[in-house]
Amino acid sequence: MSGIKSLADELRDSMRKGKPPQSNENPPAEPPKDTPKKKTETLESLFENILSHELTGREKLLIRLDDKTLFLLKQLKVAKGIDMNKIISYSLHQFLKNHPELTRYIKEHIKTIDL
């Protein structure tokens, strides 16, 4: 019982000092060295691109989103101040830019429609 009490006392002391508790059983695992900085830089540049994206259209659309996506977009608004309309517009622009075959298909298909 005294062993548990001393562990609890050690934990409280380390929390007061702002240090992580020292454990003799398992040393903390070292995080991967190359991924966190690179991922953070990539994510920050993505946020910058989204925030600099201009909403130029006047047309409004009603879209349906699943609950998980909507929740994520709301959290992104709180965390980074990115409006849902801006991120949806940016995402669609990127999608169409990365898939030019879709635009070509639509143009070719429109030519074959009889009005």
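1. Confidence. The model is predicted, and its mean pLDDT (the predictor's confidence in each residue, from 0 to 100) is 81, with 77% of the residues reaching 70 or more. Among the elements, helix α1 (residues 2–17) has the lowest mean pLDDT, 70, whereas α3 has the highest, 95. Where pLDDT is low, the predicted coordinates should not be read in detail.

2. Conventions. Residues are numbered from 1 along each chain as its sequence is written, and side-chain values use heavy atoms, leaving out hydrogens and water. Because this is a predicted model, local features need pLDDT of at least 70 and side-chain atom pairs count only at pLDDT 80 or more, while totals for chains, interfaces and linings use all residues.

3. Architecture. The protein has 5 helices and 0 strands; both kinds of element are DSSP runs numbered from the N terminus, with helices being H or I of at least four residues and strands E of at least two. Read from the N terminus on, the order is α-α-α-α-α. Among contacts (heavy atoms within 4.5 Å) between residues at least 6 apart in sequence, 57% join residues at least 24 apart.

4. Burial and surface. Of the 115 residues, 10% count as buried. Buried means under 20% relative accessible area, exposed over 50%, and partly exposed in between, with a 1.4 Å probe and protein chains only. The protein exposes about 11100 Å², of which carbon and sulfur atoms supply 58%; accessible areas come from the Shrake-Rupley method with a 1.4 Å probe, and for residues only the protein chains shown count as cover.

5. Helix α3. This helix has 14 residues and reaches 20 Å from its first C-alpha to its last, close to the 20 Å expected at 1.5 Å a residue. The expected span is 1.5 Å times one less than the number of residues. Gly81 follows α3 and has a positive phi, near 75 degrees.

6. Salt bridges. A search of the whole structure finds 2 salt bridges, each defined as a side-chain nitrogen of Lys or Arg within 4 Å of a carboxyl oxygen of Asp or Glu. In one, Glu44 pairs with Lys80, the closest N and O atoms being 3.6 Å apart. Glu44 lies in helix α2 (residues 35–52) and Lys80 in helix α3 (residues 67–80), so the pair ties together parts that are 36 residues apart in sequence. Glu44 is partly exposed at 33% relative accessibility, and Lys80 is partly exposed at 33%.

7. The pair in α5. Lys111 and Glu108 meet in a salt bridge at 3.5 Å, N to O. They are 3 residues apart in helix α5 (residues 100–111), and therefore separated by about one helical turn. Lys111 is exposed at 64% relative accessibility, whereas Glu108 is partly exposed at 48%.

8. Nonpolar patch. Phe95, Leu96, Leu102, Tyr105, Ile106 and Ile110 form a nonpolar surface patch with about 580 Å² of accessible area together. Patches are made of residues with over 30% relative accessible area and no salt bridge, joining like charges within 9 Å and nonpolar side chains (Val, Leu, Ile, Met, Phe, Trp, Tyr) within 5 Å. Helices α4 (84–98) and α5 each supply at least two residues, and the largest share, 4 residues, comes from α5. Ile106 lies in α5 and is partly exposed, at 45% relative accessibility.

9. His53. This residue lies in the loop between α2 and α3. His53 is buried, with a relative accessible area of 15%. Not counting residues up to four places away in sequence, His53 touches Lys86, Ser89, Tyr90 and His93.
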